Amino acid sequence: MRSLAREFRVSLDTVQRWVERARGLDVDQVDWSNRPPVAHTIQRTPPVMEEMVLQMRAFLREASDLGEYGAPAIHRELMAGRTGGVPAIRTIGRILERRGALDGRRRVRRPAPPVGWYLPDVAMRRADVDSVDAIEDLCLPGGTMVDVVTCVSLHGGLPGAWPGPTLTTKRTMETLVAHWEATGLPAYAQFDNAPTFTGAQRYANVLGRLVRLCLGLGVVPVFVPPRESGFQAAVESFNGRWEEKVWHRFVPSTLLALEYRSGRYIRAYRVRLAPRLEAAPARRPFPARWRPAREVLPRGRLVYVRRTDASGVVEVLGHPFVVSSTWPHRLVRCEVALRAGHVSFYALRRRAPSEQPLLKSVVHRWVIRPPVD
């Protein structure tokens, strides 16, 4: 058989099947046509046994001391009372499923909320958000440390990545100004709660330099809740893509080479995203002859997405606010109107992203300190 398998260039198993098929027959009497791989006959459990399985399940559900009435329990009880002909556990499970006798509920997959659902005008595509983050502690050959400022818009997907020395607030501000001068201003700029973005928070009523920069340009700063997944998913996904396509792919030896490779990747990526960028909400032009101003009390508003504690309290700019005792450990959007002097708190739920009722509005006169970062 092995020599025949080598001669005809087939497996030994094939030759053995041929021999088995021709057993006891002349060669001209054998059906050599291909046969389907499925079984010719299907062994189905007799209806009497199926009814016995269902009756045993109903009995165990009411009388079992252990309270177990699944397929393993049914199999044990049937084996204890019969000498043979008992279906296997998997067969019993299929009988229960086919007859609709399973109590288990399948997980309900709810649709994901729309992009930027926690900001109503962004969810309705009337405005866009630039989500800003950083890739830190990359090490070039020779020990040079590199930090990368990254940015991506939620609707347009407009990407940006700027490798450079150690990340500072000043460098982040210069990077965003250059980016917005070239591409236009978004309605919102979203950050996490790193001190580089928020500014030093040793005192209450402190707005960092980056926050003041956004307010001076008419961009609303948005700070997402700490240790919450999903809010920065877009920019974090872009960070991973940039590391894979630029950092790990080329392994540049100098910062200049890394900037060159990153620039080529970003330009090519923007060309690929051109249809999406054209369909995104329009961005405002960067103001001509703009100069940063250090006002005592900046204009505009800030947005903090926060989660209340067990008592329904959130902290905004160093001040605790009692939102609602009936909304503990829940998400809220806190909108701070600086010049108007009030804070509004809106309930947020991913299950009903379009329903964001006002929970409370508090009058609060802000005495904004100058930045200390």
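Are Phe286 and Trp290 buried or exposed? Phe286 is buried, and Trp290 is buried as well. This is a predicted model, and a search through the whole of it finds 10 aromatic pairs. The points below cover aromatic rings, arginines over rings, one histidine and a surface patch.

**Aromatic pairs**
- The ring centres of Phe191 and Phe223 are 5.8 Å apart and the planes meet at 35°, so this pair counts as tilted.
- Phe191 belongs to strand β4 (residues 188-191) and Phe223 to strand β5 (residues 220-223), so the pair ties together parts 32 residues apart in sequence.
- Phe191 and Phe223 are both buried.
- Phe286 and Trp290 make an edge-to-face pair, with 5.7 Å from centre to centre and 80° between the planes.
- A cluster linked by ring pairs contains Phe191, Phe197, Phe223 and Tyr304.

**Arginines over rings**
- Arg330 lies over the face of Trp327, 4.2 Å from the ring centre.
- Arg333 lies over the face of Tyr346, 4.4 Å from the ring centre.

**His179**
- His179 is part of helix α7, which spans residues 169-183.
- Its relative accessibility is 4%, so His179 counts as buried.
- Leaving aside residues up to four places away in sequence, His179 touches Asp130, Cys151, Leu158, Pro159, Trp162, Gly184, Arg270 and Arg283.

**Surface patch**
- Met1, Trp18, Val19, Val27 and Trp32 make a nonpolar surface patch of about 500 Å².

Conventions
Residues numbered from 1 in each chain as written. Predicted model: local features only at pLDDT ≥ 70, side-chain atom pairs only at ≥ 80, totals over all residues. Heavy atoms only, no water. Patch = residues over 30% accessible without salt bridge, like charges linked within 9 Å, V, L, I, M, F, W, Y side chains within 5 Å. Areas by Shrake-Rupley, 256 points an atom, 1.4 Å probe, with all protein chains shown as cover. Salt bridge = Lys/Arg side-chain N within 4 Å of Asp/Glu carboxyl O. Helix = DSSP H or I, 4+ residues; strand = E, 2+ residues; numbered from the N terminus. Buried < 20%, exposed > 50% of the residue type's maximum accessible area, 1.4 Å probe, protein only. Contact = heavy atoms within 4.5 Å. Phe/Tyr/Trp six-rings, centres within 6.5 Å; stacked < 30°, edge-to-face > 60°. Lys NZ or Arg CZ within 6 Å of the ring centre and 35° of its normal.
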